[in-house]
Amino acid sequence: MTQHDDNGAAAAAPATADAAGIGLSGLILDEPLLWERGRYGRTAIDLPPSGVPSRPLTGPRAGDGPDWPDLSELEVVRHFTRLSTWNFGVDTGMYPLGSCTMKYNPKVNETVAAMAGFTGAHPLLPDEACQGALEIMYETERLLAAVSGLEAASLQPAAGAHGELCGMLMIAAYHRHHNTGKTVVLIPDTAHGTNPATAAMCGLTEVKVPVGPDGRMAPDTVRSLIDDSVAAIMVTNPNTLGIFESHLPEISRMIHNAGGLVYADGANLNAIMGRVDMAKMGVDVLHFNLHKSMSTPHGGGGPGSGPVAVAESLVPYLPGPRVIREDGRYRLVDDFPLSIGRLHPFHGQFGIYLRAYAYLLSVGNRLRDVSGLAVLNANYLRARLREAFDLPYDSDCMHEVVFTDAKQRGHKVTTLDIAKRLIDLGYHPPTIYFPLVVNGALMIEPTETECKEELDGFAEAMLAIAREAETDPDSLHRAPVRSKVGRLDETLAARKPKLTGD
């Protein structure tokens, strides 16, 4: 929890915005801590007498024992139900966070992952006792390699950033093994923000590549930065502006000719799945964000899964152990002398990439339709909002579109004001102030799972806010007014966080 300036929730939103949104005034439920709600002697269930004699807690740390609240079953149910009304997720409404791909995940994949044969399998079972699990691991790696166009894959990385680290560790190991002495990594302005830190963790040095006037890397700019020290380039494609790096094949050839390798951040894969062969674009290693593109849980601190796929030159460096198939049987093998070693205590997050396996099997050869609809939806919003909001890079986008608050700034309305008013209208705000190369960015990604009616509702809400910025800008400075709390004092919250329930 954080300190905030609570403006209350009773004020009505302006009529201009009222007409567009799905947000309505209604019950706003509050809920105290369980210790405040409980009363001594209440219980949620009657247990039979214990056949084991009770003994008091002893020892210097025992004290009086845990202070469990005494609650009835109804109090427990209402407590967690009321807390759930404070949440907003993709099951509630559209979640247009650019760069995050907050798409709807079909529930059937959750059902598959919850099957007892999967949830009950212990990771220390011998190979002969878990052939089904090993087959799923083997086939999932094959499917991911096929989606990318690359040679082989590993499921060990436990998140997208972990996969990024895995990819760069393999690149560093490759250069050590070949004694190249190369230590420099080229990183575009439009790459994801974790890329420089990952390069540094692998003992490599970053050199920034400035974005070109069309939002893409310019081949001449990259060429001017290449020398004998360049070990790799880290590319996000499509990049964080939502623009496809169409020069990547040419840039990859430059890097390869200089003895370097090409790492591709797969965070935006949802725009190009089934349509782009990464190997033909010169990519040597790609990580997947399964939570973004392939129906696995997103957020909440994990668990996650960030597999990597590699070209033939990097296969020897993949993490071990690896699943191999011999004579119709599957087994784990760890005899790879050039491997970077284990990245995970066992074999990756099995329950997570199991969901991705189910998703890929269910979608099949329609995977290209997924990316096609993601691009269509983003370009539809781009077309609907381009007159009301500034487009810093006015070209066809991929899965996401980046606007700015430049047209509203003259009315003293900022990106933050726009995002806060969207809450009043029942929509989760898009990503704001990212990517950093765009001042006042509004980064919108609708994904392929939203229908036209939902896109139109969001567009109407955004257009209503643009009109309100012209007619009543002061009202936007107070937003949100319909949420549980009003506009937060974000500076105070950052400097003096309130970390208790008092």
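1. Basis of the model. The structure is a predicted model, in which local features need pLDDT of at least 70 and side-chain atom pairs count only at pLDDT 80 or more, while totals for chains, interfaces and linings use all residues. Residues are numbered from 1 along each chain as its sequence is written, and side-chain values use heavy atoms, with hydrogens and water left out.

2. The nonpolar core. The largest nonpolar core holds 53 residues. Such a core is a set of buried Ala, Val, Leu, Ile, Met, Phe, Trp, Tyr and Cys residues joined through side-chain atoms within 4.5 Å. Buried means under 20% relative accessible area, exposed over 50%, and partly exposed in between, with a 1.4 Å probe and protein chains only. The residues with the most contacts inside the core are L144, L186, I233, L269, V283, F288 and M294. The elements that each supply at least two of its residues are the helices α6 (131-148), α10 (248-257), α12 (350-363) and α13 (367-385), together with the strands β2 (184-188), β4 (230-236), β5 (261-266) and β6 (285-288). Helices (H or I, at least four residues) and strands (E, at least two) are DSSP runs, numbered from the N terminus. Helix α12 gives the most to this core, with eight residues.

3. Surroundings of I233. Which residues does I233 contact, leaving aside its neighbours within four places in sequence? They are L186, M217, V222, I251, I255, L261, V262 and Y263. Contact here means heavy atoms within 4.5 Å.

4. Helix α12. Eleven of the 14 residues of α12 are buried, so the helix is largely enclosed by the rest of the structure. The buried residues are F350, I352, Y353, L354, R355, A356, Y357, A358, Y359, L360 and V363. Their cover includes α4 (107-113), α5 (116-119), α6, α11 (290-293) and α13. Just after α12, G364 takes a positive phi of about 60°.

5. Cysteines. How many disulfides does the structure hold? There are zero, a disulfide being a pair of cysteine sulfur atoms within 2.5 Å. The sulfur of C202 has its closest cysteine sulfur in C166, at 9.4 Å, which is too far for a bond. C202 counts as buried, at 12% relative accessibility. For C451, the closest cysteine sulfur is that of C397, at 19 Å, again too far for a bond. C451 counts as partly exposed, at 42% relative accessibility.

6. Aromatic pairs. A search of the whole structure finds seven aromatic pairs. Rings of Phe, Tyr and Trp (its six-membered ring) pair if their centres lie within 6.5 Å; planes under 30 degrees apart count as stacked, over 60 as edge-to-face and the rest as tilted. The ring centres of F350 and Y353 are 5.7 Å apart and their planes are at 85°, so this pair is edge-to-face. Both residues lie in helix α12, three residues apart, about one turn of the helix. Y353 is buried, with a relative accessible area of 0%. F118, F350 and Y353 form one aromatic cluster.

7. A pair between distant parts of the chain. Y427 and F458 have ring centres 5.7 Å apart and planes at 80°, so the pair is edge-to-face. Y427 is in the loop between α15 (415-424) and β11 (431-432), and F458 is in helix α16 (residues 452-471), so that the pair links distant parts of the chain, 31 residues apart. Y427 is buried at a relative accessible area of 3%, and F458 is buried at 0%.

8. Charges over rings. R322 lies over the face of F336, at 4.6 Å from the ring centre. K484 lies over the face of W86, also at 4.6 Å from the ring centre. The criterion is that NZ of Lys or CZ of Arg is within 6 Å of the ring centre and within 35 degrees of the ring normal.

9. P392 is in the loop between α13 and β10 (401-404) and is partly exposed, with a relative accessible area of 32%. Not counting residues up to four places away in sequence, P392 touches V402, F403, T404 and V438. E75, in helix α3 (residues 73-84), counts as buried at 12% relative accessibility. Leaving aside its neighbours within four places in sequence, E75 is in contact with R37, R42 and D70.
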